[in-house]
Amino acid sequence: MLNHDFSNGTDNWAAPSALPGSVNFSTDFAESTRLEGKSVAYLTGEADVPSFSVSYRDPELGDEFPVVPGKAYRFKGYFAAHRALGRVEITFLDAQQKTVHVLACPLTEHEGGANASDWQQVDLSAMAPPSATAARLGIRFVRSQNSVRGMNFFLFFTDLSLTIGDGSPIGGGHSSDDAWTRSLIAISGGRSALQIFEAEVDTEALNRHRSVVKVVSSTDSAEAFTLYDAADVFSGSQVDFALEQGRLIRVSLRGISGCSLYCDGVRLDNLVQWADGTNLYFKLPDALLDHRVHLFEVRDPLGLTILARDYHGVSGISTPWHILQEHSGAVLPAHLAPAASDRYRALQAHLQSGASETSRQQLLHAHRVVTRGFDFNREFLPLTFPAHEAPTVSIVIPVHNKFEVTYFCLCALILGYNRNTYEVIVVDDGSKDRTKELAGLVAGIRIVRNDVGLGFVGACNRGAEEARGKFVVFLNNDTEPTAGWLDELVESFDTFDQVGLAGSKLVYPNGVLQEAGGIVWGSGNPWNYGRGQNPHDPRYTYTRQADYLSGAAIMLPTAVWKEIGGFSTEFMPAYFEDTDLAFKVRDHGYKTLYVASSVVYHFEGITSGTDVSSGAKRNQEINRPKFKSKWTKAYRNHGREGEKPDLEKDRGISGRVLFVDYQTPKPDIDAGSYAAIQEMRMVQALGYKVSFVPQNLAYLGGYTESLQKIGVETYYAPFYQSISEVLERHGHEFDAIYMTRYYVASDCIGAARRWAPQAKLIMNNADLHFLRELRAAINTGDQSLREKALRVRDEELAIMRLVDLVLSYNNVEHAVIMSHNLDASPVMYVPWVERVSETVPAFESRSHIAFLGGFNHHPNREAVAFFVKSVMPILRSRNAGVQFDVYGSNVSKEIEALSSDDVVVKGYVTNVSEVYDHCLVFVAPLTSGAGIKGKVISALAHGVPCVLSPLAAEGTGLRHGYDCLIADTPQEWAESIAQLLENREMWSSFSKRGQDLVRSLYAFDVGVKTMRRAFESVGLYTQ
């Protein structure tokens, strides 16, 4: 091809018709866009321009070149698309100029630039059809994709070649062997003629970005193609599915005529299936009936767009658990119980705690009892609970008859491991059965007996009078508390301020959610939020304020219980007393919390039945008007009954903010994660409910759960497939979307503006990426790094111009941003917060120099290498025996290679106090990087004097010679460290002043005020 590398501008390429007005077609947009020194052509324009194309034009042959039927033609080149969907086309024409075949390849998002690996390498090949006489080459702009307000789309291309099957190039470019074939992979299971031109289909990426792919029909001799738009397929359909009868997948379809079923990423073909109205039924193959959890996906007929996905446990046994309990005999398959995983956690916790042989025997018995269930257990061995003079918790269990149920509950308490100490108070409320024998059967519990039954209210109040614990818990006897249920309730009182009542997540014995806190509507009627739903759904897995908590499992500080006067006696004997209790607690100025991490199985109705017209349950309707009359003023402004429960459930908030980051924070791994969590807490302190979604949508066990425990609703797969889906489903709820890092914001802005137009877009830059990379490039003298940093600069600053507010940690970055973007990017401080350590180990108890940092971060690797190679040799000669300890996650081989007798690479530590409480001096010899250095603030908060590079001290407020020492040259480093190692008085002075600085600038309450100012700057006001 002539001018294949565009060294002569855009010669030999032209538009068949006039280009849209805003479109520019030229070469070499910037030096950074050139590929290995070659010129690059580009098309650019505003996002809303219609589709258009440019075609190759030979000076002699024109727009069309002759072809030989049966000959193979191959078109290759390098392409990159920014915020655009494009297409490369070879169009074959017959003698009448009619199209007989079009071969095309979609152009997707690629960075382009100097490295070939950053380009999309297109390789189109086809045989000329029998009737073809000519062909045309074209590059088409289809439409904007992932567009960002105010930013043009770009299509870049270069190094193009056209080759015929014998390897002779046409007009120049690259030659090629004839040993190539076109690979078509059928993706429709034999039931469709549609095929796709790819060796592999990255379905996850396709669905994450809602991409467009090219599909052709192999039954049409002309192989007419269509563009398959995943976004259109997804938005135009509504799909639900469920596992039924053990092996049937029922799929409900709306807006789409068919579907395909996948299991663990593999298409399930040749399944027995049938239809019933809008439902399709698939019979799973025998191989999947394996007692394992599988990821099922319902996709479109092609298998490209994921319409719905969920995990399901597929059992090889369809016998219901309660039937197994009754009829399976002595050998009961405990692993099939719905609560098996919770019981496994309990046994694991006991073993880890070092249970004695006697305890293990009792645990085995308790496990047998809860597995059999109270209906079928016939083994009532003696039980022993540990005695505590001053227990943390008093557990009050009101009972009336139902001995076997109470015995089951006591076994469940023994099995469910907790760290906190507790006492058990069983209130025998006038029982006539074997309950009267409990005192002789169960040691270590206290039994309070009412000769005449007082009902739930009277029994609980009587039991609470005997409580010695700091907290009192009321627990129904028809429950199975799980491991940690008590600890999680206790922890909620430490995590949140002014908590007066906390309640557990209640789950039915079949594993279905019974209640995730309660709602009281404006009508005064209560609502069990989440009843019948999946207890693992993100909606039900985070701590939050609730209108009331079911009395089946609730905790109060004993002092609060006494202050409010216990359960109100006007609701005797039972019902509405727990709802009334929550309203009384709030009326006294306390919060009422639903604690999702405290899980209790509840066999609802075992004690009182479920019929509200008879028995004890009839009191529910008797007490309803009493409650409504008493608390009308408190609930009258609540929502209309049954409307928007997912919004109504969140009490005590003034608004909603969504946080987005590249992954779930790991505060024990990197300082940025610690900062992310503190920023969420500060926004919560402003009165907002905080939600969080990681870019990778990964659930990360304890890291995810730690967010949920502090009240952050966390979205993750498989409940959500993309950030776009989160915004589509919830965008209307948010007052602000808080995005950390510019590349995360880049992926979110388009969807945020579309689905949450009312929300303020806030970007925390974490650190100024291009400044960090520029500093590294200058240090190393690497020209390619410098060019990359300049590209990052353009992108980062462009994103900042698209958001409503930029947050940055230090004034240096503020100045840099403003110097580039002027007033186009409002910039405010984002506070860094630290808690000052109350105790600081003395100078004499410490030794060594220390550094702490994550080593997947280049500036930290660079800093340690500099210190070991340049500073340590001077220190060795001056302070013999001084040791440098290197702490941090993701230690690389280059860091390990620096080890020696006096350089000890310690690696990852769970608790940073292990570092700060033992070292004499903390060093941060950073020579590149940006942002504020959290490790430095943390060291100061722990009272450790610091020696810092100028860059490490940047933006901290530290003053050389007053509360730290700042060093530049290796000699300065050695002298500064030596001063602190040798001068106890200087060390003590710096230790105190460093903590004083943290108290004045980095305390949590100071941070909240700073965050408030930032929010108010964009019109987000709170009470």
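## A bridge between two strands

Let's start with one pair of residues in this predicted model. Thr44 has Phe154, a residue of strand E11, as its bridge partner. This pair belongs to the contact between strand E3, which covers residues 41–45, and strand E11, which covers residues 153–164. The two strands run antiparallel and are joined by 5 bridges.

## The sheet around them

Now look at the wider setting. E3 and E11 sit side by side in an open sheet of 5 strands, whose order is E2-E3-E11-E6-E9. The pairing in this sheet is antiparallel. At the edges you will find strand E2 (24–27) and strand E9 (120–127), each of which pairs on one side only. From one strand to the next, the twist averages 25°.

Is Thr33 buried or exposed? Its relative accessibility is 13%, under the 20% cut-off, so Thr33 counts as buried.

Which residues does Thr33 touch, leaving aside those up to four places away in sequence? They are Asp28, Val40, Gly113, Trp119 and Phe156.

## Two helices packed together

Next, a pair of helices. Two packed helices are described by the angle between their axes and the distance between the axes. Helix H4 spans residues 340–352 and helix H5 spans residues 357–372. Their axes come within 12 Å and cross at roughly 175°. H4 and H5 are therefore roughly antiparallel to each other.

Where do they meet? On the H4 side the residues are Arg343, Leu347, His350 and Leu351, and on the H5 side they are Arg360, Leu363, His367, Val370 and Thr371.

## Ala967, in another loop

Our last stop is Ala967, found in the loop between strand E50 (965–966) and helix H27 (970–982). Ala967 counts as buried because its relative accessibility is 1%.

What surrounds Ala967? Not counting residues up to four places away in sequence, Ala967 touches Val947, Leu948, Ser949, Pro950, Glu972, Trp973 and Ser976. Take Pro950 as an example: Pro950 and Ala967 are 17 residues apart along the chain, yet their C-alpha atoms are separated by 6.9 Å.

Note on methods:
Residues are numbered from 1 along each chain as its sequence is written. This is a predicted model: local features need pLDDT of at least 70, side-chain atom pairs count only at pLDDT 80 or more; totals for chains, interfaces and linings use all residues. Side-chain values use heavy atoms; hydrogens and water are left out. Two strands pair if DSSP finds at least two bridges between them. Helices (H or I, at least four residues) and strands (E, at least two) are DSSP runs, numbered from the N terminus. Axes are lines fitted to C-alpha atoms, for helices over the stretch in contact, and angles run from 0 to 180 degrees between N-to-C directions. Angles under 35 degrees count as roughly parallel, over 145 as roughly antiparallel, 65 to 115 as roughly perpendicular and the rest as oblique. Contact means heavy atoms within 4.5 Å. Buried means under 20% relative accessible area, exposed over 50%, partly exposed in between (1.4 Å probe, protein chains only).
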